[in-house]
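Colleague: I have a new model open and would like to learn how to read it. Could you walk me through it?

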Amino acid sequence: MPQILESLMVICFGISWPISIAKSWKSRTSKGKSVIFLLFVFIGYISGILSKVIMGKLTYVVIFYVINLILVGTDILLYFRNERIDKQREASAKS
(Lines give C-alpha, C1' and ligand atoms only; values in the text may rest on other atoms or scores of the structure.)
Protein backbone atom coordinates (compact mmCIF):
# COMPACT_ATOMS: atom_id res chain seq x y z
CA MET A 1 0.00 0.00 0.00
CA PRO A 2 2.78 2.55 0.75
CA GLN A 3 4.18 2.07 -2.77
CA ILE A 4 0.76 2.69 -4.30
CA LEU A 5 0.35 5.90 -2.29
CA GLU A 6 3.86 7.05 -3.18
CA SER A 7 3.19 6.30 -6.84
CA LEU A 8 -0.04 8.29 -6.67
CA MET A 9 1.82 11.23 -5.14
CA VAL A 10 4.53 11.22 -7.80
CA ILE A 11 1.98 10.77 -10.60
CA CYS A 12 -0.08 13.71 -9.32
CA PHE A 13 3.04 15.87 -9.25
CA GLY A 14 3.97 14.58 -12.68
CA ILE A 15 0.67 15.55 -14.29
CA SER A 16 1.62 19.22 -14.04
CA TRP A 17 4.92 18.93 -15.91
CA PRO A 18 3.56 18.27 -19.43
CA ILE A 19 1.29 21.30 -18.96
CA SER A 20 4.24 23.42 -17.85
CA ILE A 21 6.36 22.18 -20.76
CA ALA A 22 3.61 22.98 -23.27
CA LYS A 23 3.25 26.48 -21.83
CA SER A 24 7.03 27.02 -21.97
CA TRP A 25 7.17 25.78 -25.55
CA LYS A 26 4.28 27.91 -26.79
CA SER A 27 5.04 31.11 -24.88
CA ARG A 28 8.69 31.29 -25.99
CA THR A 29 9.49 33.42 -22.93
CA SER A 30 11.09 32.71 -19.58
CA LYS A 31 9.08 35.45 -17.89
CA GLY A 32 6.98 34.06 -15.07
CA LYS A 33 9.20 31.00 -14.61
CA SER A 34 11.65 30.42 -11.79
CA VAL A 35 14.70 28.41 -12.77
CA ILE A 36 15.62 28.18 -9.07
CA PHE A 37 12.29 26.47 -8.35
CA LEU A 38 12.79 24.08 -11.26
CA LEU A 39 16.30 23.24 -10.10
CA PHE A 40 15.10 22.51 -6.55
CA VAL A 41 12.41 20.18 -7.90
CA PHE A 42 15.00 18.51 -10.15
CA ILE A 43 17.32 17.99 -7.17
CA GLY A 44 14.37 16.65 -5.18
CA TYR A 45 13.64 13.98 -7.78
CA ILE A 46 17.32 13.02 -7.96
CA SER A 47 17.32 12.72 -4.16
CA GLY A 48 14.23 10.52 -4.26
CA ILE A 49 15.83 8.22 -6.82
CA LEU A 50 19.12 8.05 -4.92
CA SER A 51 17.22 7.29 -1.72
CA LYS A 52 15.57 4.29 -3.38
CA VAL A 53 18.92 3.10 -4.78
CA ILE A 54 20.77 3.48 -1.47
CA MET A 55 18.02 1.73 0.49
CA GLY A 56 17.93 -1.06 -2.10
CA LYS A 57 14.21 -0.51 -2.66
CA LEU A 58 14.14 -0.23 -6.42
CA THR A 59 10.49 -0.77 -7.25
CA TYR A 60 8.23 0.38 -10.05
CA VAL A 61 7.82 3.71 -8.23
CA VAL A 62 11.32 4.71 -9.38
CA ILE A 63 9.99 4.77 -12.95
CA PHE A 64 7.66 7.64 -12.03
CA TYR A 65 10.52 9.53 -10.37
CA VAL A 66 12.63 9.11 -13.51
CA ILE A 67 9.77 10.24 -15.79
CA ASN A 68 9.24 13.34 -13.65
CA LEU A 69 12.99 14.01 -13.59
CA ILE A 70 13.07 13.92 -17.39
CA LEU A 71 10.04 16.23 -17.61
CA VAL A 72 11.50 18.75 -15.17
CA GLY A 73 14.81 18.58 -17.03
CA THR A 74 12.95 19.34 -20.26
CA ASP A 75 11.28 22.34 -18.64
CA ILE A 76 14.69 23.57 -17.41
CA LEU A 77 16.11 23.31 -20.93
CA LEU A 78 13.12 25.21 -22.29
CA TYR A 79 13.67 27.90 -19.66
CA PHE A 80 17.18 28.51 -20.98
CA ARG A 81 15.98 28.41 -24.60
CA ASN A 82 13.29 30.95 -23.76
CA GLU A 83 15.77 33.10 -21.84
CA ARG A 84 17.91 33.25 -24.99
CA ILE A 85 14.84 34.16 -27.09
CA ASP A 86 13.95 36.91 -24.58
CA LYS A 87 17.47 38.38 -24.87
CA GLN A 88 17.29 38.27 -28.68
CA ARG A 89 13.93 40.06 -28.58
CA GLU A 90 15.31 42.73 -26.27
CA ALA A 91 18.35 43.22 -28.51
CA SER A 92 16.12 43.52 -31.59
CA ALA A 93 13.88 46.04 -29.84
CA LYS A 94 16.87 48.23 -28.99
CA SER A 95 18.13 48.22 -32.58
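**Reading the fold, step by step**

Modeller: Happy to! Keep in mind that this is a predicted model. Along its principal axes, the C-alpha trace of the protein spans about 60 × 20 × 15 Å.

Colleague: What radius of gyration does the protein have, beside that of a compact globule?

Modeller: The radius of gyration is set beside a reference value. For a compact globule of 95 residues that would be near 12 Å, while the protein has 16 Å.

Colleague: What share of the residues is buried?

Modeller: Buried means under 20% relative accessible area. By that cut-off, 35% of the 95 residues in the protein are buried.

Colleague: Which residues touch the most other members of the largest nonpolar core?

Modeller: That core has 17 residues, and Trp17, Leu38, Val41, Tyr45, Ile49, Tyr65 and Val72 touch the most other members. At least two core residues come from each of α1 (2-27), α2 (35-55) and α3 (61-94). The helix that gives the most is α3, with nine residues.

Colleague: What does Ile49 touch?

Modeller: Leaving out residues up to four places away in sequence, Ile49 touches Val62, Tyr65, Val66 and Leu69.

Colleague: And how many positive and negative side chains are there?

Modeller: There are 12 positive and 5 negative side chains, and the centres of the two sets lie 3 Å apart.

Key: Residues are numbered from 1 along each chain as its sequence is written. This is a predicted model: local features need pLDDT of at least 70, side-chain atom pairs count only at pLDDT 80 or more; totals for chains, interfaces and linings use all residues. Side-chain values use heavy atoms; hydrogens and water are left out. The radius of gyration is taken over C-alpha atoms; the globule rule is 2.2 Å times the number of residues to the power 0.38. Buried means under 20% relative accessible area, exposed over 50%, partly exposed in between (1.4 Å probe, protein chains only). Lys and Arg count as positive and Asp and Glu as negative; His and the chain ends are not counted. The place of a charge is taken as NZ of Lys, CZ of Arg, CG of Asp or CD of Glu. A nonpolar core is a set of buried Ala, Val, Leu, Ile, Met, Phe, Trp, Tyr and Cys residues joined through side-chain atoms within 4.5 Å. Helices (H or I, at least four residues) and strands (E, at least two) are DSSP runs, numbered from the N terminus. Contact means heavy atoms within 4.5 Å.
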